[in-house]
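Please work through the following exercises with the sequence and the structure open beside you. Each task is followed by a solution in steps.

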Amino acid sequence: MTLPLNLRALVLSLAILVVFLTAWHVATQTGGAGPAANIDPEYAKLMGLEVTQGKSAMPGPLDVGKTIWGHLRDPFYDKGPNDKGLGIQLAYSLGRVLLGYALAVLLAVPLGFLIGMSPLISKALDPFIQVLKPISPLAWMPLALYTIKDSSVSAIFVIFICSVWPMLLNTAFGVSAVRKEWLNVARTLEVGPVRRAFTIILPAAAPTILTGMRISIGIAWLVIVAAEMLVGGTGIGYFVWNEWNNLSITNVIVAITVIGVMGMILDQTLARLQRAVTYPD
Amino acid sequence: MSDRYISIEGIARRYPKAGGGTTTVFEDLWFSMRKGEFVCVIGHSGCGKTTVLNILNGLDAPDDGAAIVDGKAIEGPSLDRAVIFQGHSLLPWRTVLGNVAYAVAAKHRDWPKAKVTAHAMAFIEKVGLKGSELKKPSELSGGMKQRVGIARALSIEPKMMLMDEPFSALDALTRGTLQDEVRRICLETGQTAFMITHDVDEAIYLADRIVLMTNGPQAMIAEIVENPLPRDRIRTEVHHHRDYYAIRNHLIDFLVVRSKSFRDEIPEGYDRRHPPIVRPGADGSGPDAGHKAA
């Protein structure tokens with residue numbers, strides 16, 4: 001008897017996870033056999049227990065699990081600017097991403113429509129887009145800080161600028177590639193340009209637009225971590241950097257995991273939306 | 001004026017050539033249709049049949065001349081003229097009902113939703129798709145898709161139907177059924193219809209008159225063939241009619257030989273404004289029998 005493919009895949013996934021966790025556990029357990037003796041006492045004092053006792057500085061999966069559990073039990077505590085719950089930090093990052101992303105949607109989709117419908121505008125804007133698109137979003141940061149004078153808004157701006165391009169280009173492409181025959185259907189039915197845009201072009205281009213939106217949310221989530229490391233204060237990116245400064249590798253690993261899971265949730269949400277507007281041809 | 005319900009008057013269409021200069025697809029084309037008449041156009045690819053159709057539906061405009069429907073010059077697309085496209089061109093994100101209702105709602109903008117749905121359903125039933133109204137086009141066979149296209153065209157109750165090889169992508173059996181249906185509906189509703197086809201038998205079965213176009217560029221209407229078969233013809237018996245082979249041979253001879261050679265040996269007295277009218281029949285002999293009638 002063969003199990004269904006999905007079930008077999010699940011079993012294999014779990015097996016890989018177990019192997020990985022075991023290997024991790026074993027690797028972090030075996031510390032050096034007592035290097036404490038050879039170490040300068042000053043340095044040992046500075047580095048703390050791990051070095052003096054020969055224990056690996058790398059936390060094992062059990063430590064990480066314990067910390068994650070701790071964060072999950074109390075995600076929203078706030079004990080001053082340098083000690084906030086993981087939930088709060090995540091909410092800050094998510095808020096910035098969604099705000100910058102929403103602004104980008106508001107600009108990119110209508111502008112993409114315009115570019116897709118008008119060859120003139122498309123050609124006129126092309127050089128600007130070509131130059132602006134490859135700029136690393138973080139390169140805008142100093143300019144944003146200087147002009148906006150607010151680090152949080154600057155981070156939102158950076159998210160905005162990095163999510164605009166994939167959506168803009170995909171919308172323009174999707175709109176320009178709408179099949180002529182569908183437009184002709186609308187024309188022979190005397191459907192006006194506004195109605196045509198909403199009843200023919202938008203649904204026809206929706207899968208392509210959603211593809212752009214999905215790429216954008218992925219990039220935005222990548223960029224927010226880096227942006228928050230730069231601007232500091234709050235957010236998951238700041239949390240990672242702060243814990244690095246605290247030398248809490250456990251919390252860094254926890255944050256990395258959380259970033260990954262959140263990114264997956266964002267991506268899957270967009271994927272679901274994308275499936276909803278995709279039509280079989 | 002029902003004699004010239006639709007009138008094409010000296011239209012020309014030219015395209016700029018790639019290396020400069022212009023290609024004239026056709027020029028000085030004259031032709032008219034009566035109300036309730038079914039006309040087929042036959043000609044080889046590239047003779048401008050589709051261009052003529054697009055001028056009639058308003059998607060294209062002639063460079064010279066005018067096309068007139070019911071006393072009014074055609075200026076752009078209109079809900080008076082429904083088009084059945086070669087590819088079914090249904091909106092794939094809408095259901096069968098959604099596709100037909102889209103046309104109904106475009107025609108009757110003030111109708112409440114229930115009325116639009118009821119009207120659309122009536123036409124979906126007419127083409128025999130009741131029960132499939134909630135399916136998406138991707139779930140339908142080629143023949144069913146084209147039926148939706150027909151229902152959509154009929155649902156706006158147009159003054160005329162324009163069809164661009166609507167059945168060319170279908171298998172012979174489905175094509176036959178749909179021809180029956182289009183013929184039945186057109187006779188029932190007194191619809192004026194203009195159809196492009198490559199299929200000689202389709203033209204003989206459906207048309208009252210058949211327009212023969214010579215090869216492009218600079219295509220001409222070589223002649224207009226009157227169908228000698230009775231109007232109440234039945235598809236399975238058409239080929240037993242005594243005039244059937246006369247008209248069939250006439251059409252095929254045209255497609256094989258004369259569509260090419262016509263331009264070089266234009267018959268004496270040929271007038272672009274009044275292309276010769278031919279009525280091939282068993283009484284005459286050979287494909288050119290009936291030229292006397294012109």
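This is a predicted model: local features need pLDDT of at least 70, side-chain atom pairs count only at pLDDT 80 or more; totals for chains, interfaces and linings use all residues.

**Exercise 1.** Describe the fold content and the overall dimensions of chain B.

*Solution.* Start with secondary structure, where chain B has 11 strands and 7 helices. Then consider the radius of gyration, which for chain B is 20 Å and is close to the 19 Å that the globule rule gives for 294 residues, so chain B is as compact as a globular protein of that length. Along the principal axes, the C-alpha atoms of chain B fill a box of roughly 60 × 50 × 40 Å. Finally, 45% of the 294 residues of chain B count as buried.

**Exercise 2.** Divide chain B into domains and characterise the contact between them.

*Solution.* The domain assignment gives domain 1 of chain B as 2-80 + 158-293 and domain 2 as 91-157. The centres of these two domains, taken over C-alpha atoms, are separated by 28 Å, and their contact takes 12 residues from domain 1 and 13 residues from domain 2. On the side of domain 1 that touches domain 2, helix α5 (residues 172-189) of chain B supplies the largest share, 5 residues. By class, that side of domain 1 has 10 nonpolar, 1 polar and 1 charged residues.

Conventions
Residues are numbered from 1 along each chain as its sequence is written. Chains are lettered from A and ligands numbered from 1 in the order in which they are written. Helices (H or I, at least four residues) and strands (E, at least two) are DSSP runs, numbered from the N terminus. The radius of gyration is taken over C-alpha atoms; the globule rule is 2.2 Å times the number of residues to the power 0.38. A residue is buried if 20 or more other C-beta atoms lie within 10 Å of its own, exposed if 12 or fewer, and partly exposed in between; C-beta atoms are placed from the backbone. Domain bounds come from an automatic or database domain assignment. Two residues are in contact if their C-beta atoms, placed from the backbone, lie within 7 Å. Ala, Val, Leu, Ile, Met, Phe, Trp, Tyr, Cys and Pro count as nonpolar, Asp, Glu, Lys and Arg as charged, and the others, Gly among them, as polar.
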